Amino acid sequence: MEQENRERRPFHLASIFPGIHFDVDLTDLPPDIPSISKLDVFFLVCSIIMHVVDMGFDYNIAIRYYLDDKVAYFVWTMCLILVPSLINVVISSRMQHQDKQMSSSTSDTSSDYKTTRLLIKNGLYCTIAVFLQLAPVIHYWETLKCALKARKCKKSGDRVTERRYYIRMLKEDQDVALLRVFECFLEAAPQQVLQLTLMLKHYHNEVNFTFIHQVASIVSSLTSMGWAMASYHRSIRLAQQNKLNIGVAGTVLQFLWHFSITVARILSLGVIASVWPLYTAIGCLIHWAIMTIWILINSHGVLEFCRAYGRPPHMLPTFKERVNSILFAAVVGIVYIFIYLNTVDSNTFWKHLCFYGLCFAENITTNLLWRYTCPPEVREAWYFNVFFIICIVSFWLGIIAMIVYYTKFHPSKKQHASNSLQAI
């Protein structure tokens with residue numbers, strides 16, 4: 001039976017963007033009798049509400065710039081809202097297209113995906129989804145529907161249907177976790193770099209409503225980014241049938257790891273952009289190009305995401321699939337400006353070493369350039385030394401959290417402990 005479970009095909013998206021890979025993981029299937037508590041449903045509802053609140057904050061900042069006659073800032077803010085939202089809608093449509101192909105190739109029906117199919121078929125709904133950033137919300141809604149249907153089946157004693165909805169809920173949760181990562185690092189991260197840059201350019205030791213609003217928005221977004229990455233890795237592990245799940249301590253370390261690294265990256269980019277915005281943009285473009293090429297060199301993951309589901313894996317990709325994979329690699333390359341996202345199931349030690357080594361060198365360079373080229377009034381400000389210290393400490397705190405996670409709390413450690421007990 002265990003051998004049968006190992007040979008099952010994993011969820012399609014999970015095989016494209018896997019979690020951290022170790023060769024010694026045990027099978028950790030979703031439970032035969034799944035349990036969806038009221039707390040799980042409550043968290044799903046809270047996720048939808050928080051996403052709507054974050055969207056409100058984004059548009060509120062843009063509207064305030066417009067009312068203050070800061071048209072350039074308004075345009076930049078709106079671009080950083082709408083362009084990532086459009087990308088997310090396109091990726092969401094691709095996910096739903098894959099789901100439709102998978103459901104048509106099995107006995108499962110696609111009648112439960114009526115809401116998400118609107119993104120594919122109806123241009124008006126697609127436009128509304130872009131402006132209201134609805135791509136993650138729609139997947140949250142599908143996850144919530146599956147959770148409620150699974151609970152209903154449990155009450156009626158229909159264990160087979162309950163488990164089917166539970167598996168589908170895991171798949172939707174996995175999709176929304178990836179969409180949240182893209183949303184955070186395509187929209188929220190550049191948005192916070194922009195807001196931090198504007199704060200540093202116009203802040204004169206005054207604490208007013210606008211300043212407090214900007215600080216609250218930055219802190220909220222940074223927290224969302226750290227949680228998005230931790231939730232992404234947790235969802236991938238939970239949905240994959242041949243991977244051990246990440247425990248609570250591992251999830252906390254994942255959050256601390258990605259939150260700290262993101263704080264250091266955004267702070268480094270924000271301070272140098274406040275002095276040299278054009279050169280900062282050029283530097284980010286160079287970093288993005290290098291990362292995109294790196295992804296394309298080992299492009300199995302992004303290529304599989306863009307490949308037609310029904311085509312045999314041994315067949316060469318079509319021209320359209322190659323073009324789509326290049327475009328998708330370019331999107332993932334933007335995420336790599338801020339954080340590392342593994343796109344292929346392989347060992348990540350050397351990849352992490354190269355990526356975080358490059359990021360640390362960039363962080364130090366940008367902070368030193370800022371310290372020696374900023375205006376005299378900035379050097380006298382209270383945050384002049386504080387920002388430099390936070391950048392260094394935050395980065396190394398993230399590295400330490402990553403090391404502790406790998407050495408003590410990675411799911412593979414469960415197997416080591418299990419093997420030790422069996423040996424005894």
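Biologist: How many salt bridges does the structure hold?
Modeller: It holds three salt bridges. Keep in mind that this is a predicted model.

Biologist: What makes R265 and E362 a salt bridge?
Modeller: The N to O distance is 3.0 Å. The cut-off is within 4 Å, so the pair counts as a salt bridge.

Biologist: Why do you say that the pair of R265 and E362 ties parts together?
Modeller: R265 lies in helix α9 and E362 in helix α13, so the pair joins parts that are 97 residues apart in sequence.

Biologist: How do you know whether R265 is buried or exposed?
Modeller: R265 has 3% relative accessibility. Buried means under 20%, so R265 counts as buried.

Biologist: And what is E362 called?
Modeller: E362 has 24% relative accessibility.

Biologist: What makes E142 and K145 a salt bridge?
Modeller: Their closest N and O atoms are 3.6 Å apart. The limit is 4 Å, so the label holds. Both residues lie in helix α6, three residues apart, about one turn of the helix. E142 is buried, with a relative accessible area of 1%.

Biologist: Now the rings. How many aromatic pairs does a search of the whole structure find?
Modeller: The search finds 21 aromatic pairs. One of them is Y340 with F355.

Biologist: Why is the pair of Y340 and F355 called tilted?
Modeller: The centres are 5.6 Å apart, and the planes make an angle of 55°. Pairing needs centres within 6.5 Å, so the two rings pair. Stacked needs under 30 degrees and edge-to-face needs over 60, so 55° is tilted.

Biologist: Where do Y340 and F355 lie?
Modeller: Y340 is in the loop between α12 and α13, and F355 is in helix α13. The pair therefore ties together parts that are 15 residues apart in sequence. Both residues are buried. Ring pairs also link Y340 and F355 into a cluster with W294, Y336 and Y356.

Biologist: How do you know how the span of helix α13 compares with the expected one?
Modeller: Helix α13 has 25 residues and reaches 36 Å from its first C-alpha to its last. At 1.5 Å a residue, 36 Å is expected, and the span is close to that.

Biologist: What covers the buried residues of α13?
Modeller: The cover includes α9, α10, α14 and α15. Among the buried residues of α13 are H352, C359 and W370.

Biologist: Why is S274 called buried?
Modeller: Its relative accessible area is 14%. The cut-off is under 20%, so S274 is buried. S274 sits in the loop between α9 and α10. Leaving aside neighbours within four places in sequence, S274 is in contact with T197, L200, K201 and W370.

Conventions:
Residues are numbered from 1 along each chain as its sequence is written. This is a predicted model: local features need pLDDT of at least 70, side-chain atom pairs count only at pLDDT 80 or more; totals for chains, interfaces and linings use all residues. Side-chain values use heavy atoms; hydrogens and water are left out. Helices (H or I, at least four residues) and strands (E, at least two) are DSSP runs, numbered from the N terminus. The expected span of a helix is 1.5 Å times one less than its number of residues. Buried means under 20% relative accessible area, exposed over 50%, partly exposed in between (1.4 Å probe, protein chains only). Contact means heavy atoms within 4.5 Å. Rings of Phe, Tyr and Trp (its six-membered ring) pair if their centres lie within 6.5 Å; planes under 30 degrees apart count as stacked, over 60 as edge-to-face and the rest as tilted. A salt bridge is a side-chain nitrogen of Lys or Arg within 4 Å of a carboxyl oxygen of Asp or Glu.
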